[in-house]
Amino acid sequence: MKRISVILPIYNVEKYLGECLSSILTQTLKEIEVICINDGSSDNCLNILERYKKNDDRIIIINQKNQGSGIARNNGLKIAKSEYIAFMDPDDYYYDENALFNLYQKAKENDADLCGGNFVLVCENVDDCNIKKEEREYKETTNYTFKQNFLGTADDYKSASWFWRFIYKNDFLKSNNVKFPKYKRFQDIPFLAKSLSLSKNIYFLNKIVYCYRINHKVIKYSREQQKDILLALKECFDIYINNKKYEQYSDIFTIFIEMVDVFSSYIENEEIILVNQTYDELNLGILNDSLFPKKCIKNLKRIIGDIKYKRLLSIGKYFED
């Protein structure tokens, strides 16, 4: 059996694909398979994949019409034969050649459902982004960096993001039917929400394993994508509330507000209605539950209390000053 299946959805990333593949294939953990799903790329991605496959038979290529990264990853999961699953975005790369070995070793030693490491933000043009500032902001709002090695649970992971920093036990995903929803955007967040909520143990590794590229593309969300993002976040709310994962619920609420802020510059009446409907459907009554941590309630009230969000969402009715 292979140790890790690295699942790689690919769509029009010819500029970065070679660096990504090289970082996977040069890992010291050799017992891997690299499942590359070419999601209808119209650039040179398929030629790059075929060239790398000639030199390394661990690469598996699946060609499909463009359906989005969620469906692509699910198609990879269907054929993955390894003990653990890793996911990588094709414009990212591993921090060093020991990244997968370090994750796999600790996952096996501790029989972990998930094992995750640290990551760094990478910007092509340092003049265009302040990485240190972004890192500081992330660290202030999440446990962005695992400061020590330890075996814990989902309660030790305060964030609702960064699914690619983990590897996942294949049997765990299969037995719990954990898959990516068919949204065009934010498919990864419900996937991580379900994985965290159902996992019994998670190993947190104080080593950098992943390099996440930022500020290299401009994203403008279509109306369909806006709706999918709201639906994905609503799904996460339900997962976390049902499983009493209140820390992650708080972080998802922050993401919800941030995305509405992103939409606000070009949002139309139909989307404003959808935002309000999504908000109305949330089980906000949980905020009065004695089980809900007071610090989470305070954080949610602070976010909701921002005047511009109140105006956009018309949500002042939910909380008294």
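**Entry 1: one aspartate**

I started with aspartate 171, which sits in helix α6, residues 170-175. This is a predicted model, so I keep that in mind for everything below. Buried or exposed, I wondered about aspartate 171? It counts as exposed, because its relative accessibility is 57% and the cut-off for exposed is over 50%.

**Entry 2: the whole chain**

Next I stepped back for the overall numbers. I get twelve helices and nine strands for the protein. Of its 321 residues, 55% count as buried. For contacts with a separation of 6 or more, 81% come from residues 24 or more positions apart. The accessible surface is about 15300 Å², and carbon and sulfur atoms hold 47% of that.

On to helix pairs. Two packed helices are described by the angle between their axes and the distance between the axes, so I looked up both values.

Helix α1 covers residues 14-25 and helix α2 covers residues 45-55; their axes come within 9 Å and cross at roughly 25°. Angles under 35 degrees count as roughly parallel, so α1 and α2 get that label. Their crossing is right-handed. Which residues make the contact? From α1 I list Glu14, Leu17, Gly18, Leu21, Ser22 and Leu25, and from α2 Cys45, Ile48, Leu49 and Tyr52. Sorted by class, this α1 and α2 contact has seven nonpolar residues, two polar and one charged.

**Entry 3: α7 against α8**

The second pair I looked up is helix α7 (residues 188-198) with helix α8 (residues 223-242). Their axes are 9 Å apart and the packing angle is about 10°. That angle makes α7 and α8 roughly parallel too, because it falls under 35 degrees. On the α7 side, the contact uses Ile189, Pro190, Leu192, Ala193, Lys194, Leu196 and Ser197. On the α8 side I find Ala232, Glu235, Cys236, Ile239 and Tyr240. The class count for α7 with α8 is nine nonpolar, one polar and two charged.

**Entry 4: a covered helix**

How many residues of helix α3 are buried? Eight of the eleven in α3 (residues 69-79), so I wrote the helix down as mostly covered. The buried ones are Gly70, Ile71, Ala72, Arg73, Asn74, Asn75, Gly76 and Leu77. Helix α6 is where aspartate 171 from my first entry is found.

Asparagine 12 is one of them, with a phi of about 50°. It lies in the loop between β1 and α1. Asparagine 12 counts as partly exposed because its relative accessibility is 31%.

Phenylalanine 186 also has a positive phi, about 65°, and is not a glycine. I found it in the loop between α6 and α7. Its relative accessible area is 15%, and buried means under 20%, so phenylalanine 186 goes down as buried.

Technical notes
Residues are numbered from 1 along each chain as its sequence is written. This is a predicted model: local features need pLDDT of at least 70, side-chain atom pairs count only at pLDDT 80 or more; totals for chains, interfaces and linings use all residues. Side-chain values use heavy atoms; hydrogens and water are left out. Helices (H or I, at least four residues) and strands (E, at least two) are DSSP runs, numbered from the N terminus. Buried means under 20% relative accessible area, exposed over 50%, partly exposed in between (1.4 Å probe, protein chains only). Axes are lines fitted to C-alpha atoms, for helices over the stretch in contact, and angles run from 0 to 180 degrees between N-to-C directions. Angles under 35 degrees count as roughly parallel, over 145 as roughly antiparallel, 65 to 115 as roughly perpendicular and the rest as oblique. A crossing is left-handed if the near helix is turned anticlockwise from the far one by less than a right angle, and right-handed if clockwise. Contact means heavy atoms within 4.5 Å. Ala, Val, Leu, Ile, Met, Phe, Trp, Tyr, Cys and Pro count as nonpolar, Asp, Glu, Lys and Arg as charged, and the others, Gly among them, as polar. Accessible areas come from the Shrake-Rupley method with a 1.4 Å probe; for residues, only the protein chains shown count as cover.
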